[in-house]
Amino acid sequence: MISTQNLQKKYGPDTVLDQVSIQIESGEFVAVVGASGSGKTTFLNVVGGLDRTYEGQITVNDQKLEGLSDKALAQKRNRELGFVFQQFNLLDHLSVLENVMLPAFFAAESIPQSRGLELLDQVGLKDKAQDRPPQLSGGQKQRVAIARALLSSPSILLCDEPTGSLDKETGLQIMSIFQELNESGMTVLLVTHEEHVAKLARRTIRFEAGKVISDSGTAP
Ligand SMILES: Nc1ncnc2c1ncn2[C@@H]1O[C@H](COP(=O)(O)OP(=O)(O)OP(=O)(O)O)[C@@H](O)[C@H]1O
């Protein structure tokens, strides 16, 4: 679960998050939409613990982020949250499997390579394990990034424009992976500017100038 209370963030004189109070329960699939500059990425970064310069409260899985040391927050992020970005952020000199295994370096407990292979299988890329990212299509790269995000078995997936670099058809295939993950219990919070992508989520929260202007509500 993710809960924010009176979340406020400013860049100089500009308020980019303005009294945002949102409750997202475990197992929800939520799209955050809004015009460019409305605060979507900023929202994702603060609730994901990537940016600590805000006012207000954020609770993730029943733990307030403000009370955590930087180290404790990093550990919580590694254990409980998976991140997927528009630009995939893969390392070209490593194999696909090595990219998927990267979070294992930061994990508290050891994670076997078989887990990485299992996840590659889940995203339909087991036969590409030894390839390098430059040999892959955009959609395949995003699948690798999803497998990497899942390595530490997070309960929440935070995705920033995950289909933004892909054509419509490939984007929809990536969305079907998120839908399957959500159906098996994963909480998915996804930022997108594409309405056809947002439609596939079960709840849509719309930002305008840092404020929530509509929220389709908690899915039944
Ligand atoms: N590091 C920064 N310094 C100053 N202003 C920033 C910084 N990062 C973002 N902003 C401003 O904060 C506002 C919100 O930006 P944010 O990236 O959250 O919007 P967004 O809705 O995700 O937009 P987009 O769809 O274009 O990615 C914008 O006005 C942006 O210019």
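This is a predicted model: local features need pLDDT of at least 70, side-chain atom pairs count only at pLDDT 80 or more; totals for chains, interfaces and linings use all residues.
Thr204 counts as partly exposed, because 17 C-beta neighbours lie inside 10 Å. Thr204 sits in strand S9.

Leaving aside neighbours within four places in sequence, Thr204 is in contact with Ala31, Val33, Ala198 and Ser216. Lys64 is another matter. Thr204 and Lys64 are 140 residues apart in sequence and 24 Å apart in space, C-alpha to C-alpha.

## Overall build

The protein has seven helices and ten strands. Its C-alpha atoms fill a box of roughly 50 × 40 × 35 Å along the principal axes. A compact globule of 220 residues would have a radius of gyration near 17 Å, and the protein agrees, with 17 Å.

Of the 220 residues, 40% count as buried. Take the contacts between residues at least 6 apart in sequence: 69% of them join residues at least 24 apart.

## The six-stranded sheet

Strand S9 belongs to an open sheet of six strands, in the order S6-S7-S8-S3-S9-S10. The pairing in this sheet is mixed. Its edge strands are S6 (81-85) and S10 (211-215), each of which pairs on one side only. From one strand to the next, the twist averages 20 degrees.

Within this sheet, S7 (residues 156-160) and S8 (residues 187-191) run parallel and are joined by five bridges. Leu158 stands opposite Leu189 in S8.

## The four-stranded sheet

Four strands form an open sheet in the order S2-S1-S4-S5, with antiparallel pairing. The edges are S2 (14-24) and S5 (63-64), and each pairs on one side only.

S4 (residues 55-60) and S5 pair over two bridges, in the antiparallel sense. Here Thr59 has Lys64, in S5, as its bridge partner.

## Helix H1 and both sheets

Helix H1 packs on the four-stranded sheet, where it touches S1 (2-11), S2 and S4. The direction of H1 makes about 120 degrees with that of S1.

## Gln173 in helix H6

Gln173 lies in helix H6 (residues 168-183). Is Gln173 buried, exposed or partly exposed? Gln173 is partly exposed, because 15 other C-beta atoms lie within 10 Å. That number falls between the limits of 12 or fewer for exposed and 20 or more for buried.

Gln173 and Gly139 are 34 residues apart in sequence. In space they are 8.2 Å apart, C-alpha to C-alpha.

How values were computed. Residues are numbered from 1 along each chain as its sequence is written. The radius of gyration is taken over C-alpha atoms; the globule rule is 2.2 Å times the number of residues to the power 0.38. Two residues are in contact if their C-beta atoms, placed from the backbone, lie within 7 Å. Two strands pair if DSSP finds at least two bridges between them. Axes are lines fitted to C-alpha atoms, for helices over the stretch in contact, and angles run from 0 to 180 degrees between N-to-C directions.
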